[in-house]
Structure formats: structure tokens, C-alpha cells
Amino acid sequence: MVGLATDQFDRFSRKVLQQRNAADLRVAVIAHPLGGIPAREARDRITQQVFDAVVSALTEADASETASR
């Protein structure tokens with residue numbers, strides 16, 4: 001599983017995940033804002049780095065997942 005957050009809310013989202021005992025959830029960070037901008041501009045914010053972070057989070061098992069198998 002992977003979460004998405006804009007850079008403006010990155011620290012806040014990680015604090016919330018920590019409070020919810022989900023600090024190990026990976027988060028891909030996208031440039032802020034996403035709302036209130038043209039769809040094309042929002043799509044352009046999905047950079048190769050964001051794409052790679054999402055793919056990595058979805059395809060690579062972290063140490064806690066591997067240990068529990």
C-alpha cells in the first residue's frame with residue numbers, strides 16, 4: 001500500500017500516520033497544489049520520481065512484510 005500527499009502536507013500526513021500506528025506506510029509526495037488547477041497541470045505533477053516511488057512501494061516488500069511471511 002502507498003499513500004499520496006502533496007509536499008505542503010507531507011509532514012502532517014506522516015504525523016497522522018504515526019498517530020494511527022501506520023508510520024510504516026510509504027508516502028509518495030506530489031507538488032502542491034493539486035486542486036483548483038487545470039487537469040493537465042495536475043497530471044504534469046506526476047513526475048517520474050513520483051511514479052517510481054509508487055511502483056516501488058507497491059512492488060517491493062519492506063522488512064516487516066518479509067519477516068511476517
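Trainee: Against what do the buried residues of α1 pack?
Mentor: This is a predicted model, in which local features need pLDDT of at least 70, side-chain atom pairs count only at pLDDT 80 or more, and totals for chains, interfaces and linings use all residues. Residues are numbered from 1 along each chain as its sequence is written, and side-chain values use heavy atoms, with hydrogens and water left out. Buried means under 20% relative accessible area, exposed over 50% and partly exposed in between (1.4 Å probe, protein chains only). With contact taken as heavy atoms within 4.5 Å, the buried residues of α1 pack against β1 (2-6) and β2.

Trainee: In what order do the elements of the protein run?
Mentor: Helices (H or I, at least four residues) and strands (E, at least two) are DSSP runs, numbered from the N terminus. On that basis the protein has four helices and two strands. From the N terminus on, the order is β-α-β-α-α-α.

Trainee: Within what arc do the buried residues of α1 fall?
Mentor: The buried residues of α1 are D10, S13 and L17. They line one face of the helix, because, seen down its axis and taking the directions from that axis to the C-beta atoms, they fall within an arc of 70°.

Trainee: With which residues is T6 in contact, leaving aside neighbours within four places in sequence?
Mentor: T6 lies in strand β1 and is buried, at a relative accessible area of 12%. Once those neighbours are set aside, T6 is in contact with V29, I30, A31, H32 and L34.

Trainee: Which residues does a cis peptide bond join?
Mentor: The proline concerned sits in the loop between β2 (26-30) and α2 (39-44). Omega is about -5° at this bond, which joins H32 and P33.

Trainee: Which residues make the nonpolar surface patch of about 260 Å²?
Mentor: Areas come from the Shrake-Rupley method with a 1.4 Å probe, and for residues only the protein chains shown count as cover. One member, V55 in helix α3 (residues 48-59), counts as partly exposed at 35% relative accessibility. The patch is made by I46, F51 and V55.

Trainee: Which element has the lowest mean pLDDT?
Mentor: pLDDT is the predictor's confidence in each residue, from 0 to 100; the protein averages 89, and 88% of the residues score at least 70. Over residues 63-69 the pLDDT is below 50, and beyond near neighbours in sequence this stretch has four contacts in the model. Where pLDDT is low, the predicted coordinates should not be read in detail. The highest mean, 97, belongs to α1 (residues 10-19), and the lowest, 45, to helix α4 (residues 63-67).

Technical notes. Patch = residues over 30% accessible without salt bridge, like charges linked within 9 Å, V, L, I, M, F, W, Y side chains within 5 Å. Salt bridge = Lys/Arg side-chain N within 4 Å of Asp/Glu carboxyl O.
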